[in-house]
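Hi everyone, thanks for coming.

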Amino acid sequence: MVQLWQNYSKNLRCNMKRRRCKIQKCECVVRYKTGEYAGLCNKHYLRKYKYGDTNVNKNPRDLTPFQRFIKHIKANKETRCWEWTRALDKGGYGIFNVNRKPVSAHRWSYEYFKGKIPKGLYVLHKCDNPKCIRPSHLFLGTNQDNTKDRHIKGRSASGEAVGTSLLTKSEVLMIRRIYKKGDCTQKSLANTFNVSRACIQAVVTRRNWQNV
Ligand SMILES: [Zn+2]
Ligand SMILES: [Zn+2]
């Protein structure tokens, strides 16, 4: 019995020893053992909870617009769309606040990733999902194109029109550009592009897509 108790307490101590924050050089005790925040201490849990990243230690107002933008996106595994998770306007398009002014999220996305939108042109969706802001799903057109487009495609064609490859050529270039700027981590890029972090790493270190 004594032996059992000794074993038990020894195991307990060992376990307790291990339950330190998984962040390097952090010696704090872990707050949650399971779930999304498993293995993080209180401080790192709060950072992840508030800012989505354990390295961030600042007010969201200090983030660049892009860093805020990328946090409001959720990848849809079925259609491979990146859907806006914040406010939507009447038409179902995402609203993004830049310098306290609301702009259309998909238009902002187009301008950031692909370039300026010429006057009088609209940013349309290949996937016919107004919430979507994935640059490869966006293209320029006139208002007429816009209404015609919706008519032909209907809601069903979304998956097909988009294709199934993990990343497109332009996205690879985009990932490299974003990463070089230092705007965000490989992890957040991976979340946004709905691929693994290893995939992002392979792209930025040119292990994959060497010809791009
Ligand atoms: Zn910690
Ligand atoms: Zn889409």
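This is a predicted model: local features need pLDDT of at least 70, side-chain atom pairs count only at pLDDT 80 or more; totals for chains, interfaces and linings use all residues.

Okay, the overview. The chain has 212 residues, and 24% of them are buried. As for secondary structure, you'll find 9 helices and 6 strands. Now take the contacts between residues at least 6 apart in sequence: 42% of those join residues at least 24 apart.

Let's zoom in on Lys187. Where does it sit? Lys187 belongs to helix H8, which covers residues 186-193. Is Lys187 buried or exposed, or something in between? Lys187 counts as partly exposed, because it has 14 C-beta neighbours inside 10 Å, and a residue needs 20 or more to be called buried, or 12 or fewer to be called exposed. Lys187 and Ile200 are 13 residues apart along the chain, and their C-alpha atoms are 8.2 Å from each other.

That brings us to the helix pair. In general, we describe two packed helices by the angle between their axes and the distance between those axes. Here, the axes of H8 and helix H9, residues 197-204, come within 8 Å and cross at roughly 110 degrees. So H8 is roughly perpendicular to H9, since angles of 65 to 115 degrees fall in that class.

Who makes the contact? From H8 we have Gln186, Lys187, Leu189 and Ala190, and from H9 we have Arg197, Cys199, Ile200 and Gln201. Sorted by class, that contact has 4 nonpolar, 2 polar and 2 charged residues.

That's my bit, thanks!

Definitions and conventions:
Residues are numbered from 1 along each chain as its sequence is written. Chains are lettered from A and ligands numbered from 1 in the order in which they are written. Helices (H or I, at least four residues) and strands (E, at least two) are DSSP runs, numbered from the N terminus. Two residues are in contact if their C-beta atoms, placed from the backbone, lie within 7 Å. Axes are lines fitted to C-alpha atoms, for helices over the stretch in contact, and angles run from 0 to 180 degrees between N-to-C directions. Angles under 35 degrees count as roughly parallel, over 145 as roughly antiparallel, 65 to 115 as roughly perpendicular and the rest as oblique. Ala, Val, Leu, Ile, Met, Phe, Trp, Tyr, Cys and Pro count as nonpolar, Asp, Glu, Lys and Arg as charged, and the others, Gly among them, as polar.
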